[in-house]
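Open the structure in your viewer and keep the selection tool ready. We will go stop by stop.

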Amino acid sequence: MSVPAPHFPLAARGSLRIRLLAGTLFWIAASIAVAAWGLSSLFREHVATQFHAELKTHLNQLTAHLAVDGEEQATLSVPLSDPRLSLPYSGLYWQVDALAAEGDSAQARAARAGLLRSRSLWDSVLAVPPDAPADGEIHQHRVAGPGGGWLGMVERVVRIDEGSGTAAGAAGAKPAARAFRLIIAADETLMLEPISRFNGALWLALGILAAGLVIAALVQVIVGLAPLRSLRAALGRVRKGDAQRLEGQFPAEITPLVDEFNTVLVQNAEVIERARTQAGNLAHALKTPLSVLANAASGKDNELARLVVGQVDTAKRQVDYHLSRAHVAATLRVAGARTPLRPALEALLRTMRRIHAERQLELLLHPIAENLAFRGEEQDLQEMLGNLLDNACKWASRHVEVAARAESGQLLITIEDDGQGIAAADRHAVLRRGVRADQQVPGSGLGLSIVDELAQLYGGELSLADSPLGGLRVVLKLPAVA
Amino acid sequence: MRILIVEDEALLQKQLADALRTAGYAVDTASNGVDAHHLGDSASYDAIVLDLGLPQLDGISVLKKWRAAGRAMPVLILTARDGWHEKVAGIDAGADDYLTKPFHMEELLARLRALIRRTGGHASAELLCGPLTLDTRNSRASVNGQALTLTSHEYRVLAYLMHHREQVISRSDLIEHIYAQDFDRDSNTVEVFIGRLRKKLPPGLIETVRGLGYRLTAGG
């Protein structure tokens, strides 16, 4: 059953780092923006409240000082204290409009606007929108200022009883009372300037904070993902054959993964070992009856006997070939295999000296560096070298020489003999399955082709040449462990 | 020459035993590791043919136990396991040769002959002693080129003496090496075989060393 792979957007699927950073950066940006907006509007509200509170203070002062003189003209009993009110176009203004009585003409109405004004207004009059606050109410408006900018403004309506000479906001004034509209206005820049100063400082502070957070997030991602890098390095060592399992200290979140992976490695090795054992058992189970058949038929001179001997020989070669193939197929899945070369060669030469004792050969192993190692299974190395050495021993008349060295990540193992060699034209054919250069020497056909196949599966190669000794020179190139 | 065959497959064991008896050897057989170890440890064999996949105790363990106990007889491993790592393991456990199944009986016989010969320090398949020649390849003895007609027991006595020529061989040693385990032994028959051989051979070739045994010598 196949489970479809979950589909992530490309960037998120491509990089855990980008995935983590994108989330963090989004949140940093969002919270900085919300903080900036929140703080800025809080401050704006605060400044606006203060601005209007100050305007109201001036309005109260204006209300307190407003009086109506004997000619029924509104006057200020005392000038307002703020010096800005005396400075032309200073930005702070007051104005008193007389409210129109019933039946006033439009001309009269216009004349009543700007009845009294602060000196700061000079000769301009604030054009306030028509409004009629009830007694005691203070209304706020925005109006165009004399300089063209906008002014924030507060107003209230005051009724003064004729003759009393004092302002009274009291309700239920007599019809004879005169009503005035008292206005205090101030340039909004007075309010906006501290806000923009505050916003400047706010953005600087938040910018520094954001930069700090981004750096912290980057460091966190790099430090947080560092174990993944060391995991990758550990895996690389396993793949290269420097280690049999994942080694090193990993965080609690990764340790289960590492443990599982190591278990898989062990199981893998076990499966291959089992497969090999079973292949060996199969060989045993088949070859013993084949031996019985061959022995029963040998020495008898009839057609059946010849048939049996011939077929047993074919069967043996088939079994050998396919067992070797099965072995090869099972081989390369074992990760982390490393086989020192020298002990393997020495053991094989010991074996060759015994098996070919009758031939009284001189087997010479040239000095081999201690640290040369094959990146692969010991059994496969022995299989390749064993077949090559056995071949050389079968063909040699007296001398077999073995040498090995490392060259750019490869092992070069040279096996030479002083036998009759293989003609250059036949060398290619010898490497093919089951072709024998000489039927007289049993088993020599399969050997070279299996070695060639094994070597190729390991990414190496087998090459045949003439030896200075007079016979065949075989060079086996295999991956080395650095 | 006495040989132990250790093979758990009955048919193959019989074929081996028949072929070796035909070639003039006294043959014992064992079908499992425990019996094999006991026989190899208690009797004297000139060579052992050892299978590796055995019931009760595997062949490599049997071989290691023999070698650990100082038993030095030549051992030829005969097995279906033909991986080189298995051959290396077999040789390193103390085997002297390794032959994989299926095998040709002639090759097995040749390798056994060579093993026995090398153990006695002989380089050639033809053993010489004065006018006497023993060709181990076809189990024939001849004097000055004239073939001798020998019974199987006479041949075994002569072959053993030839492999150990110029050495004094005790009567019990001779008995150990010419009879299989289950054979009814009678030391007097050895004297009978020696007597018959002396009649067929030139005089003086087989000496009696009083109280010790016999010696085959060319310098008589």
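How many residues does the contact take from chain B and from chain A? Select both chains of this predicted model. Chain B puts in 25 residues, and chain A puts in 27 residues.

**Stop 1: the chain B side**

Now select four elements of chain B: helix H1 (10–22), helix H4 (84–92), strand S5 (97–100) and helix H5 (105–119). Each supplies at least two residues to the side that touches chain A. Which one gives the most? Pick H4(B): with 6 residues, H4(B) gives the most to this side. Colour the side of chain B that touches chain A by class. You get 11 nonpolar, 5 polar and 9 charged residues.

**Stop 2: Asp51(B)**

Stay in chain B and select Asp51(B). Look for the loop between strand S3 (47–50) and helix H3 (59–68); Asp51(B) is found there. An unreviewed UniProt entry places the feature "modified residue: 4-aspartylphosphate" at Asp51(B). Is Asp51(B) buried or exposed? Asp51(B) has 28 other C-beta atoms within 10 Å, so it is buried. The cut-off for buried is 20 or more.

**Stop 3: two helices of chain A**

Move to chain A. Select helix H2 (residues 16–65) and helix H4 (residues 189–240). They pack at an angle of about 160°, and their axes are 9 Å apart. Therefore H2(A) is roughly antiparallel to H4(A). The crossing of H2(A) past H4(A) is right-handed. Finish by colouring the residues of their contact: 27 are nonpolar, 3 polar and 2 charged.

Terms used
Residues are numbered from 1 along each chain as its sequence is written. Chains are lettered from A and ligands numbered from 1 in the order in which they are written. This is a predicted model: local features need pLDDT of at least 70, side-chain atom pairs count only at pLDDT 80 or more; totals for chains, interfaces and linings use all residues. Axes are lines fitted to C-alpha atoms, for helices over the stretch in contact, and angles run from 0 to 180 degrees between N-to-C directions. Angles under 35 degrees count as roughly parallel, over 145 as roughly antiparallel, 65 to 115 as roughly perpendicular and the rest as oblique. A crossing is left-handed if the near helix is turned anticlockwise from the far one by less than a right angle, and right-handed if clockwise. Ala, Val, Leu, Ile, Met, Phe, Trp, Tyr, Cys and Pro count as nonpolar, Asp, Glu, Lys and Arg as charged, and the others, Gly among them, as polar. UniProt positions are given in the numbering used here, feature names are shortened, and annotations may be inferred rather than shown by experiment. A residue is buried if 20 or more other C-beta atoms lie within 10 Å of its own, exposed if 12 or fewer, and partly exposed in between; C-beta atoms are placed from the backbone. Two residues are in contact if their C-beta atoms, placed from the backbone, lie within 7 Å.
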